[in-house]
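Trainee: I would like to learn how to read aromatic contacts in a model. Please take me through them step by step.

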Amino acid sequence: MDWLRNNSFRSLTRQPPRSLLNTTAECDRTACYDSFKEHWSQAFKIIQRSQQLPTHDDVLGVVNYLEQMVTLLLLDTKEVDQITIPVSNSSQCLEHLISENILDKLFEWGIRTGKYTNAVRMEQLKLYEMLLTQSRHLLLVHEPFLRPLLKLLQSCQDEVFSKEIEKQLVSLLYQLCVLLMQNVDLLDLFFSKEQNKSKFIIFSLLISFVHREDSVGMQARDALLLCMSLSKKNKNVAAYILEHSNLCVLLATGLSALYSILPHVLQDVVAPDWHRLTPDDVNDIKDLSTFVTSLEFANAVAQVAHPHIRRQLQEFLYRGFLIPVLGPALLQASVGEKVAATTYLELILRTVTHPGLLYPLLQFLIQQQYDGHRLLHILIQRISAEDDLCLVTIALFETMVEINCEDLMLELVFQYLQPCLHLMLSQRQKLLPLDPHCHSFEKFLHLAPSCCDPAGLSPKVDTRNIHWNHYGSQQSLYGNYHAYLCDARNKIAACQLACSHWSNSYTGCDSTVTQDTNLSESPNSLPSLGESSGYESLKIKLDDAIEDLPSWQISQNETASNKQCNLNEHLNENGDQLCTSSTAGPFITVVLDKLNTMISNTLYVNLHLTGLISRLAVYSQPLLRTYLLDHSLVLQPDVPSLFQIIGATKQKIDEYMNRQTDSKSLIKQARSFLQERETRLVNARRSTLESKNLAATTTTADTFEPFQRNGPKRRSFTSPLSSFSNMFTRRVSHTETSIQLVSPSEDTAYTQLKFNEPQQVALCAVVLDEWVKELAALAQEHTIAQLSALFK
């Protein structure tokens, strides 16, 4: 018995237990029943003679008899295909257990055993779990079974147990939650009245384990998620969690506490191209795994819980974690602290989901102000910062853009493009006409640096077929235009599907329908965030209607009549009128300004910067698509043009490389470096996938797992068949730098990652040469998608 090693029995000796019966062997059920009665008779004699505190031998004797009774019960019920009501028709042993009120007698004796109380409680917990496993929910309807079970659970409140008892208790509670999920009508049996307040005993016991990091805490959180699912099915459960539990407070304050102990500076990350936290980083960085586990659990609660509970959790998270903790962390003074905080924010954004905690996080990003400046605009300006801060900020905005949230894209891009003030007046009605020949495709290819094609020939396109199982081959995606077309087609289709429920088409010439960026007015967001001054707003009644609407954007559910207005009159949450000057908005302006310094940017900034712009170009909304990919649009003089910036960069590169006597060698070395990097990253990715597949095949699925923790999330890995920017930026962990950057036979000048100016320009030339192919492929695939839609 495990409990002999963890309580006051430890100093005492105990005779070896009797040999348990072999439950796999066949038996005479009549003999089994007779033996069961005899064992209980002997145990009851000991219980009856224990007038005062029982001795060690008394407790030991009862426990031994209970062990035998449990084995006999298992043996008896094993002979029955299915336990039925009444239980006498299924098992005589169970019938005897019920009719003799054995469980109640055992409980009443157990609370009088003094220092042996926990040892007897442990045996009772095991007995109940075994009975529930065998009988499922049928025994719960019997008062002689239910009443002592509830007494036992109530006796466990406010007690401090050993780990063994805690594990057994949580296991029993989890088993009860599983049964109640399957039999919701039995929920009321586990509610009691205490001081005129309803109490759900199972939930109140589980909540104390919510922040435990061991297997007990994991199973308790799974059980709590089952309770949250029950809140959608049973009004009493929802009311209890809302009005009488502090789970939402515990989750919000727990996140704040766990965030506060995270490293303020990520000193262990040394890779020059590191830009976001990978799963390996989460496991390696101290305390980060615990924070992510807590965040994932809170997000899971918001996903499965009653809408009122989700709303309460979202507001506590907003007011108790995002505003007072995460916001100030993002505004710290040192660059290292800003890098760490930005990286944590990006990880949080990838971890939360719809309909979990995504809404309050977007609310926080879009609306929150610090010292009179909006947080989102502060983050936008950091794209112009030094390399480390710039890289993690670009990664943050890549993640934001990948969410395909209309409100966020409206805030970043569309509210500035919708009036079409960035266009010359003659161009403002020419967004819709389709160019079936897609002349922008050829225009992009002509923007490739001439130094990458020394013969001065017309642009060449490598159209060889792509090997979809390229992990098993040595083929490089470098220069493979067919790969860019396949990738562009897939991304455009996925983005169109994700944006199919957007409330606006953003054509620039249709009736302007805008969304109020004050998300608090949306019934699907946080209605009280913009109006409540404290936690009084959390006094939610279940009678209040809250729609549980599945939408990717927060405020799409407003009626169209409420959103019809001219964007020139669209006011932001501060009451200030949106800028109506000729501008593409601060986000696009800062991004293109950074692109304008491409020659002086580091390789990794250029890789991620071009990746961000390409991802923006995936959106099929005409306002953004034409702005980035249509060379025929005539922009206002002070509005940056992607074509002009790329053209100017091409000219700078060509002029510089023409002055170099070894330009061909520099271009060759740059290509070799990037191809070697691609091979290394693909191999690392393949190794990671193989490890995951191996782990998946060795994982057993014998236990009931209604909620898979740490399941697939939006991680930092991109698709295997990736675009140019992803081709050279995929990364598994920061251990990558231990691999040589080029093979020993190549020029080792690149191995130190400190490029001289000619090398830097050569790398920039190769990057630009590949990127214009990606942009050309996007332009072509957009045209094909439009033509396909017209002929449907």
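Mentor: Keep in mind that this model is predicted. Start with Tyr240, which has 6% relative accessibility and therefore counts as buried, the limit being under 20%.

Trainee: How many aromatic pairs does the structure hold?

Mentor: There are 17 aromatic pairs in the structure. In one of them, the ring centres of Phe200 and Tyr240 are 6.4 Å apart and the planes stand at 90 degrees, so this pair is edge-to-face.

Trainee: Where in the chain do Phe200 and Tyr240 lie?

Mentor: Phe200 belongs to strand 2 (residues 197-200) and Tyr240 to helix 10 (residues 235-244).

Trainee: Is Phe200 buried or exposed?

Mentor: Phe200 is buried, because its relative accessibility is 0%.

Trainee: What kind of pair do Phe203 and Tyr240 form?

Mentor: Theirs is an edge-to-face pair, with 6.0 Å from centre to centre and 85 degrees between the planes. This pair too links distant parts of the chain: Phe203 sits in helix 8 (residues 201-206), 37 residues apart from Tyr240 in helix 10. Phe203 and Tyr240 are both buried.

Trainee: Which residues do ring pairs link into a cluster?

Mentor: The cluster consists of Phe191, Phe200, Phe203 and Tyr240, linked by ring pairs.

Trainee: Which charged end sits over the ring of Phe44?

Mentor: That of Lys105, at 4.7 Å from the ring centre. Likewise, Arg615 lies over the face of Tyr619, 5.0 Å from the centre of the ring.

Note on methods: Residues numbered from 1 in each chain as written. Predicted model: local features only at pLDDT ≥ 70, side-chain atom pairs only at ≥ 80, totals over all residues. Heavy atoms only, no water. Phe/Tyr/Trp six-rings, centres within 6.5 Å; stacked < 30°, edge-to-face > 60°. Helix = DSSP H or I, 4+ residues; strand = E, 2+ residues; numbered from the N terminus. Buried < 20%, exposed > 50% of the residue type's maximum accessible area, 1.4 Å probe, protein only. Lys NZ or Arg CZ within 6 Å of the ring centre and 35° of its normal.
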